[in-house]
Amino acid sequence: MEELTIGEVARRAGMRTSALRYYESMGLLPTPRRASGGHRRYNASVLELLAILRMAQQAGFTIAEMHLLVAGFDASTPASERWQSLAQIKLKEVEAIIAHAQQTKRILERLLQCGCLHLGECLQEYQSKGLSPILASSNESEQGALFSRNKSECDGNQSHF
C-alpha cells in the first residue's frame, strides 16, 4: 500500500503538518511508521480518516469528542452507532446555543426600542421590575415591558451615565 510523507498528507488533506502532528499527539491518528531518519510515513488510508475528522469538526465536535468517535468505542461498534451516540449529545448542545442566540436576539431587538436617555434609567427600571441583570433573560414578558417604553417616559434631567 502507498505510504505518504507528512507533507504529502498535509497537502492532500488541505491542512498544515503541525495539525497532523497535533492530531497524532491527541490520538486521533494512528502512529505512523518511521522511516530512516525518523521521518513519518503514513498509510494512504489516513486521508479518509482525516476527511471523517473534518466532517466531525464541521459538525461542531471537539477534539475530545472526535477522539471518542475514532478511539472511544469497541472496534466492532458500527459507525452509525458511534455517530448517533455522539450526535444526540451534540444536538442538545447546539439546540441550547440556538435558544440562547434567539433569546439574545429578542433582548437586542427590545434594546433597540428603549427610549431612555441615560443608562442608569434603564437599570433603575430594570431593577424596579424585580429583575436582576444576570437573570434578565428568565422572564421575557417583563423584559418586553422594560424595553417597550418611549422617550417621554424617561426623565431627561437625570444624569446617571
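**Close-up 1. Trp 83 sits partly exposed in this predicted model.** Its relative accessible area comes out at 24%.

Close-up 2. What does the pair link? It joins distant parts of the chain, 22 residues apart: Phe 61 is in the loop between helix H3 (46–58) and helix H4 (63–71), while Trp 83 belongs to helix H5.

**Close-up 3. Helix H5 runs through residues 79–111.** Count along it and you get 33 residues. From first C-alpha to last, H5 reaches 47 Å, close to the 48 Å expected at 1.5 Å a residue. Where does H5 bend? Check Ala 87, where the helix bends by about 30°. The buried residues of H5 are Arg 82, Leu 86, Lys 90, Gln 103 and Arg 110.

**Close-up 4. Three strands make an open sheet.** Their order is S1-S3-S2, and the pairing is antiparallel. Strands S1 (3–4) and S2 (33–34) are the edge strands, each pairing on one side only. S1 and strand S3 (residues 40–43) pair over two bridges, in the antiparallel sense. To spot a bridge yourself, find Glu 3 and its partner in S3, Asn 43. In general, strands of a sheet pair through backbone hydrogen bonds.

Notes: Residues numbered from 1 in each chain as written. Predicted model: local features only at pLDDT ≥ 70, side-chain atom pairs only at ≥ 80, totals over all residues. Heavy atoms only, no water. Helix = DSSP H or I, 4+ residues; strand = E, 2+ residues; numbered from the N terminus. Expected span 1.5 Å × (residues − 1). Bend = angle between axes of the 7 residues up to and from the residue. Buried < 20%, exposed > 50% of the residue type's maximum accessible area, 1.4 Å probe, protein only. Pairing = 2+ DSSP bridges.
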